Structure formats: structure tokens, C-alpha cells
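Opening the notebook on this one.

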Amino acid sequence: LGLLYQEYRDKSTRQEIETRRLQDSQTDPEESSPSEETPFEAEPTSTTENKAPPQISLLRNSNSRFNLWQDLPEIRSSGVLSILQPDEIKLQEAMFELVTSEASYYKSLNLLVSHFMENERLKKILHQSEAHILFSNVLDVMAVSERFLLDLEQRVEENIVISDVCDIVYQHTVNHFSVYITYVSNQTYQERAYKQLLQDKPAFRELISQLELDPKCKGLSFSSFLILPFQRITRLKLLVQNILKKVEEKSDRETTALDAHKELETVVKACNEGVRKMSRTEQMISIQKKLEFKIKSVPIISHSRWLLKQGELQQMNGPKTSRTLRTKKLFREIYLFLFNDLLVICRQIPGDKYQVFDSAPRGLLRVEELEDQGQSLANVFILRLLENADDREASYMLKASSQSEMKRWMISLAPNRRTKFVSFTSRLVDCPQIQCVHPYVAQQPDELSLELADVLNILDKTDDGWIFGERLHDQERGWFPSSMGEEILNPKIRAQNLKECFRVHKSDDSQRRKLGSRNRQ
């Protein structure tokens, strides 16, 4: 616990990456790895269970380092490692990481409050409303973390072998974790307020810089503390997934892990929706103001509509027979706004405005890639509107600036078409996979933000360095640069990753099947 959560999380995910690299280079994924070291062989003892369980001092020792459960002196001296099966030791490590990471997280939250929020000079600089936007309900979040940690600590101290932690996770998620939704939903306001304060208040900017230089912060930025709750609730779900992968199938511990995961999934989705709702509403209002309709006006703003992709493409003029003419004058610029349920086709006009000349429901769009027609017709595809604004079928021959941009438009316009590696109507048993080794922040709506150690199925890739992937732990899809990851080459590891993914989400799949059955009835 000498580590702040930011350091703990970074070290943990990098260790996960190294473990997977080692497994990928081996022929047998079950061989030992750095994160699952060979247990220390203590002298066997048959009286372990009769002894009073030794107190695990980790949670109270601020000088403790990042350790494995089996490295604790109390565990090594107990003789328990010679009794437990290797799979149970791996499970103990997974549960132990959830506990120690929560302790590290609480330490970082405490620093955010005591070092930044409660700083007397900062209180004088900030108006009460500014402080409220900046720190939101962080005191509630910290109180929830403290209560959660105390229950976890009590469980660890009940017995040297941890019985379970997912039942505690479940209870706290159901009863207390709604504070995370409140905090994370405020994120858009928080980021904006922070940037504005840095720009408008030199005294604030100088003080934050001074506070960041304090050795307590270990070189970490103020903003890295502000984003802690969102990172933690997401990471907590992954830690429960890790436990779920290691418990016995059809056991009580599997049931509690599945229940905890399901509740955490609900909270994480609500957090994501809270963030998106704010930014989407503002974005839709901004787009509405820029559109002028040459055709019958379509109301753009709707609570169930959001932007998927926008950008300029080149439209080919004249009939398809003009393909042989090798001149750039064949094309003129058009601008597309693609929403989750609607496509709007425009031409840019002066004053940062767009004149709409066609539209169609997204479900009535079809795309077709042209065969290689030479350089002037490279990256060209056909967009068909089965029913456009005039209630008739229309076709557009469109040229993108690159192969990746063409594929990104085609997948966004018609998401259910077959990609290079996967048919969306039937999942393949094996498809290429990649693990993230560099974090990535999405720059466009059709891109996917990546965290270290994320594992994704590769659904499509381009020659100019982009991958369309589906993250295994939450099934989110999007584009990202191929340089962010390393391909997993060992087919056994890929199969193992898929098997674990299906196991984690099997309760979700059964719920979907039940829902589908009811709908058909």
C-alpha cells in the first residue's frame, strides 16, 4: 500500500500484459507464468485449520509493497501453500488483488480529499459552485470505498484462506455503488470546469502545480486523481471477471461472482450512459443549428438519437459508365452526418453551415465495395438508399481519402455486413486477437478507447494501420490504430480467452435468450 492506486493499477496491468506475452510464446497456456508463481513449499502441517488464523497486516501497513498473496509472511509460514491445489492458489491471488487494489484506491481518494479538496488556499480561490463541480460527490465515493474496504478486510482476517469476496462486492454494488453513477455522470462538467479554471484563474493554476509537486503525489497529476472513481468501477468489474474465470463451474462461488459481475455491469453501463448523455445532447443541438434543409425538414434532436460518424467524402458525378474517365473533376465534395438511426447527406455552404439534399433511415442503407479500378477510383464504394427522402431508391458512388476511412464508413453505414474475419450472423470459433500494450483515447465516435491489457477480437483491419475490434470483456466495438496492440498468435491462448469470455457472459446470454423467446411468443 505504499503505492497510490494509479501506480498499483499501472503495475498490475503491465504485469498482466507480460503474463500474456509469456503464455503466447508457450505451447501450453497452462504452464506457469509470472503472475502465478510456483508456490513456496513450506513444511506440511496437518494442524493448519486448527490454528487461530494469523492476522493479515497488509491493510494496516502503509509500507507494504505490491505483493502476491502467497508472498505474505503469514501465508508462507502457515504451511497452507503445501495443502492448497494450484487452481485454488490462483483464485486466492485473484481475490487478494481485489482487496489490496481497493486499499490502494482508498489511499489515493484520501489524498485527493486531504491534499487538494481540503486545502485552505484552494478553498479561498474557488467559488463554492466551482468546488462542487470540480469535486462533485467525492466524499460520498470515499465513504463508500471505506465501508467496502472494511468489510473486505474483515473477510480477509476471518481466515488465512479467503472464503469469497464476490458476495461482499454484490452487496455493496446493490446498496451503495450508485454514488459512482453520480460522480462519473458529472465528468463532462468536471473536465470543462477544470480547463476553464486553469485558463481564467492564474492563482488556481499555480496552486495546483505546487500541490502536484508534493512528494505525496509521486509525480501524478491532479486530473489523474479526479478520474479515479471511473477507473476504479471499471477495473472492479474486470477483477470480478478474473475471479469468475478461476472459480469452479456450477459452484456457490461461481454464482456469487456472476451475481456481482451482473450488478457491476449495470453500474458501469449507467456510468457510461451518464457521460454520453451529456455530451450527446450538446452535440445534437450544435448539429441542428448548422443544418439547412433543401428537402423536407427532418427533426434532428431526439433523446434516442446520437451521432455515430461525420465527415467529408467525394461523390462521383454522372453515371457509372463515366468510371473510365481518369480525372478528379469526376468528384465533388459532400458531407455526411450518420446517426444511430438516420443518415443525412449534405453539401457544405458558407458560414459553417450544411445544406441537406437527401436522407434515409440507417436500417435502409446498403454498401458495396468496388473492385480495384485503378488509382483514381481507389477507396471507392457504392452507397444505396433503399428509401430516400423522396421515397425512392437512390445510389451514390463515394470516394474516401484512404482505405481505412472507406472501411470505417462502410462498417458504420451497414454494421451487419460481413467483415474480413467475422460474419456477424455466425461467430467463428477462432479469429485473430490483439492485446492492448498502449492506452488509446478515441478521437472519433466510431473509435474505441483502449486500456492497457484489454483483449479484443480483430473483426477487420486495413493496410494503412487501423483495426476494427470487439473488446472481449464488454463486447464494445470500434476502430483503433494497430500500433496500440500486439497480436496474440497462440491459437490455444485465443481459444482460452474466448472460453473465459463466454463463461463470464453466459448469464447475460441466457437472459437474452429468455427475452428473445418471450418476444417471439
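Predicted model: local features only at pLDDT ≥ 70, side-chain atom pairs only at ≥ 80, totals over all residues.

**Helix 12 to start.** I looked up burial for helix 12 and found it mostly covered, with 14 of its 19 residues buried. Helix 12 runs over residues 228-246. I then checked its length: from the first C-alpha to the last it reaches 27 Å, close to the 27 Å expected at 1.5 Å a residue.

Helix 3 covers residues 86-117, and its 32 residues should span 46 Å at 1.5 Å a residue. I get 45 Å between its end C-alpha atoms, which agrees. On burial, helix 3 is mostly covered too: 25 of its 32 residues are buried.

**Whole chain.** I stepped back for the overall counts. The chain has 16 helices and 13 strands. Of its 521 residues, 50% are buried. I also looked at how far along the sequence the contacts reach. Taking contacts between residues at least 6 apart in sequence, 67% join residues at least 24 apart.

**Helix 7 on helix 13.** How do helix 7 and helix 13 pack, and at what angle? I read off about 30°, with the axes 8 Å apart; helix 7 is residues 166-175 and helix 13 is residues 252-290. Angles under 35 degrees count as roughly parallel, so I log helix 7 and helix 13 as roughly parallel to each other. The crossing of helix 7 past helix 13 is left-handed.

Next I listed who touches whom. Helix 7 brings Cys166, Asp167, Val169, Tyr170, Thr173 and Val174. Helix 13 answers with Thr256, Ala257, Asp259, Ala260, Glu263, Leu264 and Val267. Sorted by class, the residues of this contact between helix 7 and helix 13 come out as 8 nonpolar, 2 polar and 3 charged.

An α-helix has 3.6 residues a turn, so residues three or four places apart point the same way.

**Asp259, from that list.** Asp259 lies in helix 13.

**Helix 8 on helix 13.** I stayed with helix 13 and moved to helix 8, residues 178-185. The axes of helix 8 and helix 13 come within 8 Å and cross at roughly 20°. Helix 8 and helix 13 are therefore roughly parallel to each other. The crossing of helix 8 and helix 13 is right-handed. From helix 8 the contact uses Tyr180, Ile181, Val184 and Ser185, and from helix 13 Val267, Ala270, Cys271, Gly274 and Val275. The class count for helix 8 with helix 13 is 7 nonpolar, 2 polar and no charged residues. Val267 of helix 13 is in the contact with helix 7 and also in the contact with helix 8.

**Helix 5 on helix 9.** Which way do helix 5 and helix 9 lie to each other? Helix 5 (residues 128-135) and helix 9 (residues 187-200) pack at about 130°, axes 8 Å apart. Helix 5 and helix 9 are therefore oblique to each other. Helix 5 passes helix 9 in a left-handed crossing. I noted Glu130, Ile133 and Leu134 on helix 5, against Tyr189, Gln190, Ala193, Tyr194 and Leu197 on helix 9. By class, the contact of helix 5 with helix 9 has 6 nonpolar, 1 polar and 1 charged residues.

**Ala203.** Ala203 sits in helix 10, residues 202-212. I have Ala203 down as partly exposed, at 41% relative accessible area. Ala203 and Arg121 are 82 residues apart in sequence and 9.5 Å apart in space, C-alpha to C-alpha.

**Positive phi, two entries.** Asn379 has a positive phi of about 60° although it is not a glycine. I traced Asn379 to the loop between strand 6 (365-369) and strand 7 (380-385). Asn379 is partly exposed, with 23% relative accessible area.

Asp391, also not a glycine, has a positive phi of about 60° as well. Asp391 is in the loop between strand 7 and strand 8 (394-399). At 62% relative accessibility, I count Asp391 as exposed.

How values were computed:
Residues numbered from 1 in each chain as written. Heavy atoms only, no water. Axes fitted to C-alpha atoms, helices over the stretch in contact; angles between N-to-C directions. Helix = DSSP H or I, 4+ residues; strand = E, 2+ residues; numbered from the N terminus. Parallel < 35°, antiparallel > 145°, perpendicular 65-115°, else oblique. Left-handed = near helix turned anticlockwise from the far one by under 90°. Contact = heavy atoms within 4.5 Å. Nonpolar A, V, L, I, M, F, W, Y, C, P; charged D, E, K, R; others polar. Expected span 1.5 Å × (residues − 1). Buried < 20%, exposed > 50% of the residue type's maximum accessible area, 1.4 Å probe, protein only.
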